[in-house]
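This report goes through some parts of the structure shown below. Please keep the structure at hand while reading.

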Amino acid sequence: MSAPDLSIRLGPAEIKNPVMTASGTCGYGPEYGPYTDLSMLGAFTTKSVTLKPRKGNAPQRIVETPGGMLNAIGLANVGIDEFERVKAPEAAKIGTTIFANVAGHSIQEYVAVCERIDAIDAISGIELNVSCPNVSDGLTFGTDARLLAEVTAECRKVIKRGALIVKLSPNVTDITEMARAAIDGGADALSMINTLLGMKIDINKRRPVIANRTGGLSGPCIRPVAIHLVNKVYNNVAKTAGIPIVGMGGITNWQDAIEFFLAGATAVSVGTALFTHPDAPMRIIAGIEDFLRKNGVASVRDLVGALNE
Amino acid sequence: MPCREHFELTICIDDFPPAEPGQFIQVLCASPTYRTPNASKVNSEAIDVRTADAGILLRRPFSIGGLRRKGRRCEIDIMGRVVGPGTAWLNARMPGDEIDVLGPLGSPFRLPDSRAHALLIAGGVGLPPIRWLGEALSREGIATHAIFGAQTESLVPLTLTKPPTNIAEFSPCAAEFAEFGIETIITTDDGSCGVLGRVTVAMRSVIEQNPGAPLHVFACGPEPMLEAVASLAKAFELPCQVALERVMACGMGTCQSCVVKVKDDRAEDGWRYALCCSEGPVFDTNDVAWSD
Ligand SMILES: Cc1cc2nc3c(=O)[nH]c(=O)nc-3n(C[C@H](O)[C@H](O)[C@H](O)COP(=O)(O)OP(=O)(O)OC[C@H]3O[C@@H](n4cnc5c(N)ncnc54)[C@H](O)[C@@H]3O)c2cc1C
Ligand SMILES: Cc1cc2nc3c(=O)[nH]c(=O)nc-3n(C[C@H](O)[C@H](O)[C@H](O)COP(=O)(O)O)c2cc1C
Ligand code: FES
């Protein structure tokens, strides 16, 4: 049997394999360079970029919790000027598909950043972060279907070349409504899930451990939630619309990735696991290939939503 | 090491990259579940990264407390005190156990020129990087003295070959420093060992006894101690470098979790956040904005 086909497509972006990095867990590229060969990745997703540089929240910004961690980084990033000048050229050197994650406070801000990023040849697409729980107004776009459709549509107008991926928040009553809004707005793909809001209290100080009070929960503990939400969006919205899903949430090994494919994801992103094992995505790619071969599956695309029900 | 509150481990590893005092390693405080360095050559059973489900998720940062090379083989000393699950796991390691580390990480101490006189100051588990720095300084032929502070005698993780003096006078009392020709003053908050009081009590009298000496201060320990050391160094216009600690996830500049507030003239409001794991952990105290 010939080697299994790992390639996938997210809108106009053709990607050599379905394993990507999750925004905010891999910097802008060079940081993990000494530890792993990032060129093997299907795609690399940058930290969120905003119009102006952001210092982010006061420390303590993270804490480990059972099977996961809370973070409230607060979108600390270099801003679009330095991203254009320094970070994008650095990321381009990785030698794989690069997606830039974009965040903002207003539709105008999202549009301004998207327009400039779409002009950077080295970037193959934009992931709209409408779901960051750690800035005061970050969630409104991700939790209000009308606003989400509007911000997506406005960004779509200026993203002429690259793929437009909308990243959904799990902190909503009905995620399928948000998925529909993003697709109506013109998204090429959906990515999900961003972190779940959480809180941890220091009982001796009687204070939240995270200076921001609340943080976003990530890691293996959110995986069952993510699998369920991916499956729900796939069955109710994405499958009929023909829109691919990038699944994420606690992926640590290839078994987790296969689970996401079966739930309905076309690609997967690895986040928190990178902190412990910068080479986890490479092991996951090898594991997926091996699984396909052993099970006689010709293409990873054949696994998408392939549950026996 | 005589103190039962602390643990000390020597990690043997092949081909560890060049490292310097002040740098640290990220230790996975769980048994490694895979052994295969090259993912493309093995079958899927062996490429299982499942450690994250096993309890402790994130690596824990530890300063390199000493490092010896024998051919390809490198021995790295770490020392710590049990404060939670990660350090408890380390404390329970037996000789021959396998351990997974990443490193070296962070920016090291910058050594002064040979005319300088180094004053090392360590508090509690701030000892490891200071001990290794002492070794490096003595190799460079730089005159070096050390002050070590703890709350009480039972928390002094040093091998005392003779009782330390109870006045601020250096003596070769601590084997860990004496082996490099470095004399030490020990301070304890309750006076149960060495000088009664904080490290700054000894630091002040050393500085006052040696007016005009080209002292360079290097310190590691609890942040309030470092802040006090920094302000005393500033009052006497002495250069001072400190190794800071922050809660870290990645340890290599990707997650932005480990920020330290530093002065920055180019910033509109005069400060910015630096990453403790990559720009630090060693900072020049003139750069650190301690106020909050
Ligand atoms: C660069 C660096 C070097 C370090 N070197 C040493 C060393 O040589 N020896 C040593 O014993 N410890 C060292 N530490 C601290 C050590 O990493 C923590 O004690 C350890 O992570 C605690 O893990 P745990 O699971 O046992 O406890 P946890 O349950 O994770 O934490 C227990 C308590 O310690 C606090 N804590 C956790 N991590 C840190 C941290 N990174 N800095 C400050 N406080 C923390 C927590 O807030 C909590 O109150 C270093 C930290 C850094 C950042
Ligand atoms: C420290 C940290 C920082 C993050 N920063 C961002 C960010 O800037 N933008 C974004 O869209 N998602 C961000 N995320 C969310 C991740 O991209 C991902 O959606 C989430 O962590 C779930 O995946 P995981 O469990 O594999 O980490 C961040 C997550 C972590 C842990
Ligand atoms: S620990 Fe991740 S950036 Fe410093």
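Into which domains is chain B divided? The model is a predicted one, and in it chain B has domain 1 (6-105), domain 2 (117-243) and domain 3 (247-292).

**Two domains of chain B**

Between the centres of domain 2 of chain B and domain 3 of chain B, taken over C-alpha atoms, there are 25 Å. The two domains touch: eight residues of domain 2 of chain B are in contact with six residues of domain 3 of chain B. On the domain 2 side of this contact, α5 (223-235) and β12 (240-243) of chain B each give at least two residues. That side of domain 2 of chain B consists of five nonpolar, one polar and two charged residues.

**A pair of helices in chain A**

The next contact is between two helices. Helix α7 (residues 254-263) of chain A packs against helix α9 (residues 280-294) of chain A at an angle of about 60°, and their axes are 8 Å apart. The crossing of α7(A) and α9(A) is right-handed. From α7(A), the residues in the contact are A:Trp254, A:Ala257 and A:Ile258, while α9(A) contributes A:Arg283, A:Ile284, A:Gly287, A:Ile288 and A:Phe291. Sorted by class, the residues of this contact of α7(A) with α9(A) are six nonpolar, one polar and one charged.

**The two ligands**

Which residues come nearest to ligand 1? There are 21 residues around ligand 1, and B:Gly80, B:Gly84, B:Gly86, B:Thr87 and B:Glu245 come nearest. Three elements of chain B, β3 (60-63), β5 (73-81) and α1 (85-91), each supply at least two residues of the shell around ligand 1. In terms of domains, at least three residues of the shell around ligand 1 come from domain 1 (6-105) of chain B, and at least three from domain 3 (247-292) of chain B.

Ligand 2 has its place between chains A and B. Of the 27 residues around ligand 2, the nearest are A:Ala22, A:Gly24, A:Ser218, A:Gly271 and A:Thr272.

The table lists the classes of residues in each shell.

| Shell | Nonpolar | Polar | Charged |
|---|---|---|---|
| Ligand 1 | 12 nonpolar residues | five polar residues | four charged residues |
| Ligand 2 | 10 nonpolar residues | 15 polar residues | two charged residues |

Definitions and conventions:
Residues numbered from 1 in each chain as written. Chains lettered and ligands numbered in written order. Predicted model: local features only at pLDDT ≥ 70, side-chain atom pairs only at ≥ 80, totals over all residues. Domains from an automatic or database assignment. Contact = placed C-beta atoms within 7 Å. Helix = DSSP H or I, 4+ residues; strand = E, 2+ residues; numbered from the N terminus. Nonpolar A, V, L, I, M, F, W, Y, C, P; charged D, E, K, R; others polar. Axes fitted to C-alpha atoms, helices over the stretch in contact; angles between N-to-C directions. Left-handed = near helix turned anticlockwise from the far one by under 90°. Near = placed C-beta within 6 Å.
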